[in-house]
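Open the structure in your viewer and show it as a cartoon. The tour below says what to select at each stop.

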Amino acid sequence: CDRNRFDSLYLYEKNMKLDLCPSPALYPHYKSDHDTVIVVDVFRASATMCTMLNNGASAIIPVSSIDEARTYKSEGYLVGAERKTQKCDFADFGNSPFDYSPEKVKDREVVFTTTNGTRAIEAASDCRELLIGTFINVDALVERCINTAERVVILCAGWNNRISIEDTLFGGVFAEKAMEKSNVEFDSDSIRMTLELWNRVKNDLMGYIELSDHYRRLVDNGAVSDAAYCLTQNSMSVVPVYNKSDGKIY
């Protein structure tokens with residue numbers, strides 16, 4: 001029989017292990033061999049990267065430092081750069097998904113650096129497979145993982161290594177949807193906790209998240225209109241994948 005189909009059926013029938021790392025600072029304690037890692041930065045890097053690719057960008061080049069982004073800018077690249085919720089003065093774009101229209105990014109590579117999301121990518125860049133996820137592509141993520149992953153770690157970008165509500169809650173919706181489609185084995189208390197929190201607040205998600213630290217940062221910086229976009233489930237089906245060989249996301 002077809003080997004790929006056999007492997008897919010085998011992985012679907014066995015338990016997919018699922019875990020959640022609530023902060024990049026804790027990632028060394030959650031990682032193991034053969035992980036599929038989903039980097040999630042709900043406000044806003046994950047949705048912004050999904051939107052770039054959905055709008056035709058040919059690739060994203062994630063970098064962790066401002067200096068790297070400046071160097072790419074001097075070489076003629078399009079650059080998206082954000083720190084502390086604000087667009088960096090040298091950059092073409094900030095960290096709002098609305099910055100990256102098809103007219104601006106189609107068939108272009110975009111260099112991207114943010115306060116939290118791109119640092120989380122760097123932390124997990126040596127895993128077996130690294131995906132970018134958030135609410136807007138959750139169903140596509142679940143489908144990919146149940147067919148290809150042995151163990152999934154949701155790596156929350158958080159805020160300066162602190163835990164964030166919105167990233168943690170994504171683990172809950174992912175767990176709920178994965179359990180509906182496959183056999184799931186929880187690998188630590190953190191994923192159990194986030195599923196319980198998700199079930200408590202999912203019927204008024206925005207109302208709950210409006211109390212969060214990062215939502216208030218969006219309000220204070222005039223970016224609150226991004227929140228509803230970032231929390232809308234399944235507005236697109238793109239799954240950004242990090243390529244270790246060239247350090248780009250496709």
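**Stop 1: a strand and its neighbours**

The model is predicted. Select Leu20 and then Ile154, its bridge partner in strand S8. Now select the whole of S8, residues 151-156, together with strand S1, residues 16-21. Five bridges join these two strands, and they run parallel.

How many of the six residues of S1 are buried? Five are, so S1 is largely enclosed by the rest of the structure.

**Stop 2**

Follow the chain into the loop between S8 and H8, and select Asn160. Its phi is positive, near 50 degrees, although Asn160 is a residue other than glycine. Asn160 counts as partly exposed because its relative accessibility is 39%, and the range for that class lies between 20% and 50%.

Then select Asn161, which lies in the loop between S8 and H8 as well. Asn161 is not a glycine either, and its phi is positive at about 70 degrees. With 46% relative accessibility, Asn161 counts as partly exposed.

**Stop 3: helix H11**

Select residues 213-220, which form helix H11. Which residues are buried here? They are His214, Tyr215 and Leu218. These residues cover an arc of only 105 degrees around the axis, which puts them on the same side of H11. An α-helix has 3.6 residues a turn, so residues three or four places apart point the same way.

To see what covers the buried residues of H11, show helix H8 (165-181), helix H10 (205-209) and helix H12 (225-231), which are included in that cover. Past the end of H11, select Gly222, where phi is positive, near 70 degrees.

**Stop 4: the cavity**

Keep His214 and Leu218 selected: both line the largest cavity. The structure holds one cavity of 30 Å³ or more, and the largest cavity has about 60 Å³ of space. Other residues in its lining include Asp41, Glu82, Asn95, Thr114 and Trp159. By class, the lining has three nonpolar, six polar and three charged residues.

Phe43 and Arg44 are also part of this lining. Zoom in on the peptide bond from Phe43 to Arg44: it is cis, with omega near 15 degrees. Arg44 lies in the loop between strand S2 (35-40) and helix H3 (45-54).

Definitions and conventions
Residues are numbered from 1 along each chain as its sequence is written. This is a predicted model: local features need pLDDT of at least 70, side-chain atom pairs count only at pLDDT 80 or more; totals for chains, interfaces and linings use all residues. Side-chain values use heavy atoms; hydrogens and water are left out. Buried means under 20% relative accessible area, exposed over 50%, partly exposed in between (1.4 Å probe, protein chains only). Helices (H or I, at least four residues) and strands (E, at least two) are DSSP runs, numbered from the N terminus. The arc is that of the directions from the helix axis to the C-beta atoms. Contact means heavy atoms within 4.5 Å. Two strands pair if DSSP finds at least two bridges between them. On a 1 Å grid over the protein atoms alone, a cavity is a set of points where a 1.4 Å probe fits but cannot get out, and a pocket is an open set with protein on both sides within 12 Å along at least five of seven lines; lining residues have an atom within 4 Å of a point. Grid points are joined across faces, edges and corners, and a volume is the space filled by probe spheres set on the points. Ala, Val, Leu, Ile, Met, Phe, Trp, Tyr, Cys and Pro count as nonpolar, Asp, Glu, Lys and Arg as charged, and the others, Gly among them, as polar.
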